[in-house]
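Let's read a protein model together, one feature at a time. Take a look at it first, and then we will work through some questions.

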Amino acid sequence: MIKRVSQVGCIVVLLFMSFGHTAFAQDYEFKKVSKEELSMSVYPQDTAAPAVYLHKSRNTYYEDDEVKGWVLYTDVHERIKILNKDGLDYATRKINLYIKGRLKERVESIKAYTYNLENGKVKSEKLSKSGIFENMETDNRKEVSLTMPAVKVGSVLEISYRIVSPFFTTIDDVVIQEDIPTAHHYTKIQILEYFQFSRLIKGNFNANPKDYTDTRRIDFTYEQGGGLTSTTKDAAAIFKEFISEYEYMHVPALKEERYVDNIDNYRYTVVYELSSTKSQSGVVKEYSRSWEDVVATIYKYDGFGKQLERTNFFKDDLAGILEGSSGYMDRMNRVFDYVKSHMNWDKRYGLSAANGIAKAYREKTGNTGDINLLLTAMLKEAGLNANPVLVSTRSHGIPAYPTIDGFNYVIAAVEIDGQRYLLDATEKMAAPNVLPNRVLNWSGTMVMENGLSMSVDLYPKTISQVSTMLNVELDDFGDISGSVRANRTLLEALDQRRAFENESPSKIEEDLMDDYNLDLVSDLELKNLNDTSKPVSMSYSFEKEGAVEIIDGDIYLNPMFFLGMYENPFKLDERNYPINFVHPYMHRKIINITLPEGYTVTNVPEALNISLPDGLGAYTFNIGQSNGKLNVVCSITMKQAVVPSMYYETLKEFYGQRVAKESERVIISKS
């Protein structure tokens, strides 16, 4: 093997690209922290930021090892300023290392310091070995944690390390956007001519790297001859190197708010995918593949396609399950209910069977692949048109390119009379077409026996509903008492079933008191928690002292009480990623308020009826009074599970009007 001893002819061309204004970055020399950096109390471009990367750099390049061959090196250097107490989380830096069999990534050359300004002088404290921890997260993943010393608000942390990887065909994603702002980001990727990578961009931004080709000379020695006549010779090799440099100033933080599937899907990131390799003799091997290739490969797994053919072990049981059944729908429901009750999910994800469906069936436990491939096999054996559907869960994210690692889960699909039903038997509380939230991630890929595949929309089309009736009696001391009755359907029902699973009535009553700030909850009644074919029904009684405000004898009450929305969930000035409500929904509330004797209404909020564009949703609020009572009818409907970011400003205003309306108060006065 050749061994690199020098590098020549490398011209560094820097790109200046700003996410606010163009400037050029200073040279961040290690251990040259300035008093200005230590005195900094806010980051001008984001005054609410808890911390900021003053500098974040990375250089990925190839070296040659005499024994191991090509090795991928990544040098990392970071400088972080802690601006407030929320930024103290950055006192711990976690480094993930991959392991596969005997091949292991390792981290080396760790240098880290904490800097503080004390009595006008810069004081540094070095990270000691006692602050470095290693932990095996999984069989294939090790985590190295660096816990920085003497960190407080105002500290500057400086960390550098090198990752040495034998997996030289895999280049880690270039993550440009972090959860905190980055004043200066610089990444350099150096790829030898033997490796060709495709480059994909995530996060809806213009990566605009500086790309160029350079030559690299590697000097090495080799043995000529043998035995006593052996001599050591010097030689050199010249390689082409394809270089990309990414440099940005003032990269904004990726700020997360409610209703997002997986924030990492929208982070500014450059993904490198291996497309081909070339040996030194010139032989090219192609790696690029389509999703069709990926699906075909997965189907050939012993733990996938072949599992669907193994049916003998359950045929007798299946005959009993189907005895007396009538029609395809009845067969599907019987098989689905049986697998849900017979099998227990071990909480492990997997697109293939970990233990094989026969063993899983005997042991009554397995991962998602074991359970849902068993379900698919039983459905097929029952004469139904059933196929597995590959899924990437919400936590797994959306794959940027065709890869086997893009899927981590599998469910079943059944076609009956032109209608598709999606089933997940790992969720005992689920019904057909009522998938758990973890699975509702854009689309899956249905795999068929003939090798074909097709995309399947995972989001439900039917609106899940919550209908709530609140009856309130108000006395002249400002205390309230009354009752609540609520019915939930489909995914709303599933959420409640899961929330109340294995919970005692007394614990649920305590949680309701905490959630709604009530003094007492009693008479709890739950119906249909285990009957997934019906809505979940919940009712209870409540009491609350001092629930309204009394000023000069007048009572000011919020007619929505504890059912109102009083804070807009959308706070960002702009949002460049979609609003994901998980499923379409309709929430309807009817509130009946009995006023204390001798009081009349002197002020009520006006009605409100607003709609979102393109039929996305609507909100209504109406209030009326008669015979000493107030009646409120309020509803909100969202007809799409996912709303594109182009509607964000309108949606924010829509929710703003809702919050304002539900915050308005009724005034009642003594007659």
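## Reading the features

Q: Leaving aside its neighbours within four places in sequence, which residues is Val-389 in contact with?
A: A contact is a pair with heavy atoms within 4.5 Å. Once neighbours within four places in sequence are set aside, Val-389 touches Tyr-409, Val-410, Ile-411, Ala-413, Gly-444, Thr-445 and Met-446. Keep in mind that this is a predicted model, where local features need pLDDT of at least 70, side-chain atom pairs count only at pLDDT 80 or more, and totals for chains, interfaces and linings use all residues. Residues are numbered from 1 along each chain as its sequence is written, and side-chain values use heavy atoms, with hydrogens and water left out.

Q: Where is Val-389 found, and is Val-389 buried or exposed?
A: Burial is judged by relative accessible area: buried is under 20%, exposed is over 50%, and partly exposed is in between (1.4 Å probe, protein chains only). Helices (H or I, at least four residues) and strands (E, at least two) are DSSP runs, numbered from the N terminus. Val-389 is found in strand E20, and its relative accessible area of 0% makes it buried. For a sense of distance, Val-389 and Ser-611 are 222 residues apart in sequence, with 36 Å from C-alpha to C-alpha.

Q: What does the protein chain look like overall, in helices and strands?
A: The protein chain has 9 helices and 38 strands. Its C-alpha trace spans about 115 × 80 × 50 Å along the principal axes. Of its 671 residues, 49% count as buried. If you take contacts between residues at least 6 apart in sequence, 72% join residues at least 24 apart.

Q: Which residues of helix H2 are buried?
A: An α-helix has 3.6 residues a turn, so residues three or four places apart point the same way. In H2 (residues 291-299), the buried residues are Val-294, Val-295, Ile-298 and Tyr-299. They lie on the same side of H2 because they cover an arc of only 135 degrees around the axis, the arc being that of the directions from the helix axis to the C-beta atoms. These buried residues pack against strand E20 (385-391), strand E23 (443-447) and strand E24 (453-457).

Q: And which residues are buried in helix H3?
A: In H3 (residues 315-322) they are Leu-318, Ile-321 and Leu-322. Their arc around the axis is only 85 degrees, which puts them on the same side of H3. They pack against helix H4 (327-342) and helix H6 (368-381). Just after H3, Gly-324 takes a positive phi of about 80 degrees.

Q: How many residues of strand E12 are buried?
A: In a regular strand the side chains alternate between the two faces of the sheet. Strand E12 (residues 182-192) is mostly covered, with 11 of its 11 residues buried.

Q: What joins E12 to strand E2 and to strand E15?
A: Two strands pair if DSSP finds at least two bridges between them. E12 runs parallel to E2 (residues 51-65), joined by 6 bridges, and Lys-56 has His-185 in E12 as its bridge partner. E12 runs antiparallel to E15 (residues 231-251), joined by 10 bridges, and there Leu-192 is partnered by Glu-241 in E15.

Q: Which value does phi take at Asn-119 and at Asp-523?
A: Phi of Asn-119 is near 55 degrees, a positive value in a residue other than glycine. Asn-119 sits in the loop between strand E6 (106-118) and strand E7 (121-126), and at 81% relative accessibility it counts as exposed. Asp-523 also has a positive phi, near 60 degrees, and is likewise not a glycine. Asp-523 lies in strand E27 (residues 520-527) and is exposed, with a relative accessible area of 57%.

Q: How much space lies in the second largest pocket?
A: Rolling a probe the size of a water molecule over the atoms shows where empty space is left. The second largest pocket holds about 1,100 Å³ of space. Among its 36 lining residues, Val-466, Arg-488, Glu-492, Tyr-516 and His-587 are the closest to its centre. Elements that give two or more residues to the lining include strand E25 (464-474), strand E26 (480-488), helix H7 (490-500) and helix H9 (648-663). On a 1 Å grid over the protein atoms alone, a pocket is an open set of points where a 1.4 Å probe fits, with protein on both sides within 12 Å along at least five of seven lines, and lining residues have an atom within 4 Å of a point. Grid points are joined across faces, edges and corners, and a volume is the space filled by probe spheres set on the points.

Q: How do the residues of that lining divide?
A: The lining of the second largest pocket has 19 nonpolar, 6 polar and 11 charged residues. Here Ala, Val, Leu, Ile, Met, Phe, Trp, Tyr, Cys and Pro count as nonpolar, Asp, Glu, Lys and Arg as charged, and the others, Gly among them, as polar.
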